[in-house]
Structure formats: C-alpha cells, structure tokens
Amino acid sequence: MYSLMNQYFGRMHSLTTNKELPARIRFLLQNTVELRENNWSPRKAHVDNGPKTINQVRQDAVKDLGVFIPPSNDGMRNEFFMENSSFLPTRIKFDRETLGGLADMFGQMPGSGIGTGPGVIQDHYSPTMGRHRTNPLYNGHIVNGNGSHQPQFEAGSKPFIKPNQVPGVHLQYNCQNHSVQMQSKDMAPRFSKKGKVNADEISLRPAQSFILNKKQVPKLQPQMTVIPAQGSPLGQPPQLGLKINPPPIQEKPAKSNKKAPPTKEELRKMTETLVADYLNNKNIEEAVNAAREMKAPKHFLSEMLNKIVVYSLDRSDEDKEHASTLIHALCTEGIVTGENLMQAFLGVLDQCPKIEEEVPLVKSYLAQFAARAIIADLVSIADLAHQLENGAHFPLFLLCLQQMVKLKDREWLADLFQQSKVNMQKMLPEIDQNKDRMLEILEGKGLSFLFPLMKLEKELLKQIKVDPSPQSIYKWIKDNISPKLHTDKGFVNILMTSFLQYIAYEINPDDDEEQLAAPSKEQLDDEKQLLLSFKPVMQKFLHDHIDLQVSAMYALQVHCNAKGFPKGMLLRYFVNFYDMEIIEEEAFLSWKEDVTQEYPGKGKALFQVNQWLTWLETAEEEESEGEDY
C-alpha cells in the first residue's frame with residue numbers, strides 16, 4: 001500500500017511540471033505533494049490566513065526582531081516595566097524620529113505612541129505630543145513638581161515598587177488619570193478608555209509632522225534595519241535604528257576626444273575629390289587608401305559608388321574604364337560589396353531621364369560598367385536580369401550583352417548565358433514577349449547566336465522542304481549547328497518536330513481533319529516510307545541515348561496533341577519507331593513512367609498506347625526469362 005501511495009505521489013509530482021495542464025491544477029497538485037512531505041501539517045498561510053489582532057502583531061515582532069512590544073493595556077505595561085526594570089540597559093532612549101513607522105505599526109512602545117495618522121489617539125507615553133508632557137511619567141522619567149526630571153532607570157536605583165504592594169501610597173499619575181471623565185455621551189466606545197485622555201483632546205486630524213509636501217518627500221527612502229547597540233550585554237534585545245544607504249554617486253562620463261563622424265554632405269565632397277584625384281593621377285593604390293580612410297558608413301557605400309559612376313559618364317572612354325577599375329579594386333579590398341554596386345547601378349538608372357539631357361548615350365555607358373562588373377564577377381548576369389525584367393530600361397540588358405561580346409567573345413557569352421538560365425522573353429517589353437518577335441530583335445542586335453536552336457527551328461523545316469534527302473539534311477545541320485548542341489534535348493525535340501511536320505504536310509497538304517481521322521492505305525504507306533527515309537538522320541543523333549529518345553517521344557506527343565490526337569496516329573508512330581529500331585524498349589517504358597507537366601497531352605497519349613506498352617513490357621519480361629534458361 002505504501003509503495004502504491006509513493007507511485008501516486010510520484011505521478012502527481014511529475015504532473016506539476018506539465019505545462020499542458022492549467023496552472024491552477026499544477027499548483028493544487030504541488031500543494032498536495034508538499035503537504036505530504038510536511039507530515040500533513042498545513043502551512044502557516046493555511047492556518048493563519050485571517051486578519052491579526054494587535055497582540056498577535058506584537059508577538060510576531062518579538063519572534064522576528066527579538067524586540068518585546070508591551071501590550072496596549074496601561075496597567076499591564078506599567079506593571080511589566082516596574083517588575084522588569086533590569087530587562088533594559090542602563091539607559092535607553094527611544095526616539096520617535098528613530099523609530100519612524102515601526103512604532104506606528106507595532107503600537108505603543110515605551111516612549112512612543114501608536115502613530116500619528118488619522119483616527120489614531122495619542123496616549124501619555126507619546127513624547128511627540130506636547131499635551132501629554134504634563135504627565136508625571138513619560139519616556140521612563142519621573143517628573144517632579146518643579147518640572148525637573150529624575151531618571152527612573154538609573155544604575156543603582158532602588159527597584160520600582162508596585163502601587164498595590166504599599167498601602168496608602170497612591171501615585172500621582174494614577175490619581176490624575178482617573179480623575180479624567182468623558183464629557184460627551186456620544187463618544188465612541190473606543191475613545192472611552194479611563195484615565196487616558198480628555199474628550200477635548202481627541203483629534204482625528206494628523207499631526208503637522210505627518211503631513212508632507214510632495215517636494216519634501218525624499219527620493220530614496222531609508223531602509224529600516226535592526227542594529228545591535230554598541231556595548232550592550234549579550235542576550236539582551238538589540239536596539240532599533242536606521243541604516244540609510246546613501247544614493248549612488250553618478251560620475252559624469254569623461255568627454256571623448258573622438259571626432260564626430262563626417263556628415264553626408266562631407267562624404268559626398270570627399271568622394272568627388274577622391275574620384276577627381278584618381279582620374280588625374282591614375283594612382284589606384286592612393287585612391288583605395290583614401291576610400292578606406294573615409295570610413296564611410298555602410299548606408300553610404302552605394303551612394304559613393306553612384307557618385308563614381310556618374311562623375312565619369314561625361315568623360316572619355318579611358319576614364320570610364322579607369323572608373324570601372326577603381327570599383328573593381330574597392331570590391332576586391334572588401335571596402336564595398338557586389339550588393340552595394342547593384343544598388344548604385346539601379347540608383348544611376350533612376351537618374352537616367354535627368355542625365356540623358358546632358359549625356360544622351362548614358363544607357364550605353366552604363367552597359368559598359370555592367371558588362372565589366374559581370375566579367376570581373378562582381379555581379380552575376382542573373383542578378384542584373386532580375387532587375388531588368390519585363391523590359392525595364394529596355395534595351396539596356398541587350399546593350400550589356402553586346403558589350404560583353406566586345407570585351408570577350410561569342411562562345412564565352414553563350415556558355416555564360418546558358419548557365420544563367422535567364423528567360424530572354426521576360427527581358428523584352430510585354431508586347432514583344434513571343435518567340436518570333438524575340439528572334440527578330442536578337443537578330444537585329446546580333447545576338448541570335450545565343451539561341452541557336454530557335455534559329456534551327458525556324459530554318460530546318462525550310463531546308464527539309466528544299467532538299468529532303470538525309471545527306472543534305474545532315475550536312476546542313478553539321479554546318480549550322482554547333483556539335484555541343486547535338487546531344488541537347490532541345491535540339492532533338494526540334495529535329496523530330498521538323499520531320500513530323502514535313503511528313504504531315506506531305507500526306508495531307510490541306511490538313512483535312514477527315515483524312516487525319518481515317519487516312520487511306522496509300523497515305524499510311526507514304527507516311528511509313530518518309531519515316532524510313534529520315535531513319536539514318538534520327539539514328540545518327542538518337543542511337544544509344546535513351547534520354548534523347550525520350551525527348552523525341554515527347555516531341556511526337558506534342559505533335560499529336562496539336563492535331564487533336566487523331567485515332568490511331570500515336571500508336572502507329574510508336575509501332576513504326578519500334579519496328580525501325582529508332583526508339584528502344586527502355587525509352588518507351590521510361591516515357592511511360594516519367595511524370596512531367598512540361599509537355600501537354602500525356603494523359604490522352606497514355607490512353608491510346610497503354611495496351612501496347614503493356615504488351616511491350618510483358619514481351620520484354622518473357623524475353624529476359626528465356627535468356628536466363
């Protein structure tokens with residue numbers, strides 16, 4: 001049973017740290033676990049959680065501070081100090097100013113009242129109220145008739161004798177206090193203590209010393225601490241006092257001798273001076289050091305490059321080249337970055353309408369800067385193209401390509417452009433974003449070499465119509481198409497598309513839909529013969545290249561989709577390609593399994609040839625099993 005209880009409470013303890021439970025549930029579980037650890041004894045907060053009486057407050061003060069606070073009953077207080085005069089040191093002086101709010105909290109200590117706030121009644125022990133100083137006994141002193149004070153607790157004095165121990169002896173203060181009678185019948189019971197105060201002396205207004213102006217309230221309140229009295233014997237209660245923490249001393253920061261950073265206008269002037277000096281003396285090292293000593297903030301770096309470019313636009317081509325060299329050096333030294341250069345370039349473009357009034361060829365000059373930056377690998381051609389999409393600042397991108405051809409060569413630019421994956425149609429104005437218009441614009445700028453396949457697509461069909469012999473076709477391809485493109489999927493796609501378009505034109509010149517849906521036997525024979533005539537050229541580029549064969553099949557799929565998938569056309573071509581050994585079995589099955597959205601009509605195509613492909617797959621499996629035996 002005990003082990004089960006431990007398991008229960010172990011589970012409860014683990015749930016106290018489970019953040020998924022509400023905080024109230026976790027705290028209840030934690031309280032239950034702690035209650036068991038404390039032998040089922042409730043905490044003090046559970047036992048004594050109601051309001052406390054003044055006597056309970058005094059008892060807590062004795063426990064916590066070691067200071068005895070006498071009860072509020074006058075007779076008990078007097079009796080205690082009469083019997084226990086040796087409890088106090090030789091001479092104790094309780095000062096109202098020293099005790100401060102502690103006396104207000106704990107009530108009447110010897111020589112102090114219970115407070116000065118509203119509703120608080122001062123008794124004859126308070127030294128702060130002048131009306132009580134006529135009392136023969138206050139602050140531990142006996143007052144004689146002549147007003148002189150005689151200490152009650154002097155060393156060696158006789159013990160204090162209780163009034164009830166000496167018959168016939170009646171202390172003056174008791175007679176005086178008992179002679180006081182309440183004059184008002186409407187007085188509240190709490191003001192009717194006998195022998196304490198007169199009804200006329202009751203005042204609910206706080207003492208003047210308690211009322212403080214806001215300007216008089218100190219900013220740093222003193223901390224109340226308990227300080228043992230020096231020289232007090234061990235075992236005696238400590239003396240209350242104040243320990244005031246002085247406010248921290250705030251030292252004024254030493255004035256820095258550092259110079260204030262240059263303003264934006266000063267940085268602009270420094271940049272203009274730097275560029276002018278550099279273009280005059282051509283000292284690249286001195287210019288780089290000057291730029292480094294400027295210590296320009298990061299947000300100004302793009303503007304600094306902007307100033308360098310703009311300053312050189314209306315100067316000679318040699319100065320423009322030197323300005324590009326300076327920018328390259330600044331990037332190499334890490335003073336500026338390619339991103340700063342791109343921001344500067346775009347900033348100059350925004351100023352083009354204004355600059356063109358003085359420099360009409362500003363876009364051509366900016367194309368030179370951009371071309372040199374791309375060649376120096378400071379920025380990429382893709383980054384530049386991204387900023388100039390949809391014909392932004394047209395024809396700046398094409399001018400930049402022209403400058404790169406001048407600075408390098410066609411082959412270098414063609415390779416770079418192929419790797420960049422830039423969509424050239426998006427670089428044109430929206431109205432010109434089609435293949436025919438793009439090829440026309442590129443031919444006008446001398447950049448059609450960047451799209452040799454597009455030129456092939458336009459010229460190859462014309463060449464086949466002029467001379468359909470395989471020898472003539474192969475020679476034209478070899479003379480006009482780079483050998484690097486012979487294994488390109490785009491080239492194979494265009495080659496197959498050109499052959500299919502020529503065959504369709506020859507057997508059905510009028511593109512009659514009825515003939516496409518139900519071709520005659522003669523048309524089917526002509527189709528097969530034309531396909532056999534092109535077989536050598538196809539095999540020359542497709543043999544042993546499964547991926548290129550798959551591209552050829554996608555060209556056939558797109559061709560049939562453009563014709564509306566006439567019944568039997570795709571299956572007829574599949575069978576002819578298979579029988580003529582133009583396309584291998586592996587390529588057919590790869591096309592079947594390939595999933596792509598690039599070429600339209602795949603679903604309809606599979607519906608027409610799926611049964612044949614299943615037969616092909618089964619036949620291949622049977623053939624492989626026969627080889628195993």
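Contact here means heavy atoms within 4.5 Å. The model is predicted: local features need pLDDT of at least 70, side-chain atom pairs count only at pLDDT 80 or more, and totals for chains, interfaces and linings use all residues. Residues are numbered from 1 along each chain as its sequence is written, and side-chain values use heavy atoms, with hydrogens and water left out.

In that sense of contact, V309, S312 and L313 of α11 meet V362, Y365, L366 and F369 of α15. These residues divide into 6 nonpolar, 1 polar and no charged (Ala, Val, Leu, Ile, Met, Phe, Trp, Tyr, Cys and Pro count as nonpolar, Asp, Glu, Lys and Arg as charged, and the others, Gly among them, as polar). Helices are DSSP runs of H or I with at least four residues, numbered from the N terminus. The axes of α11 (residues 298–313) and α15 (residues 362–375) come within 11 Å and cross at roughly 130 degrees. Axes are lines fitted to C-alpha atoms, for helices over the stretch in contact, with angles from 0 to 180 degrees between N-to-C directions. The two helices are therefore oblique to each other, since angles under 35 degrees count as roughly parallel, over 145 as roughly antiparallel, 65 to 115 as roughly perpendicular and the rest as oblique.

Across the whole structure there are 16 aromatic pairs. Rings of Phe, Tyr and Trp (its six-membered ring) pair if their centres lie within 6.5 Å; planes under 30 degrees apart count as stacked, over 60 as edge-to-face and the rest as tilted. F417 and F451 make an edge-to-face pair, 5.6 Å centre to centre with 75 degrees between the planes. F417 lies in helix α18 (residues 410–420) and F451 in the loop between α19 (435–445) and α20 (452–466), so the pair ties together parts 34 residues apart in sequence. F417 is buried at 3% relative accessibility, and F451 is buried at 17% (buried means under 20% relative accessible area, exposed over 50%, partly exposed in between, with a 1.4 Å probe and protein chains only).

Y474 and F541 form a tilted pair, 6.0 Å centre to centre and 40 degrees between the planes. This pair links Y474 in helix α21 (residues 470–480) to F541 in helix α25 (residues 535–542), 67 residues apart. Y474 is partly exposed at 30%, whereas F541 is buried at 6%.

One aromatic cluster is formed by F574, Y578, F588, W591, W612 and W615. Leaving aside residues up to four places away in sequence, L556 touches L500, L570, Y573, F574 and F577. L556 sits in helix α26 (residues 546–562) and is buried at 0% relative accessibility.
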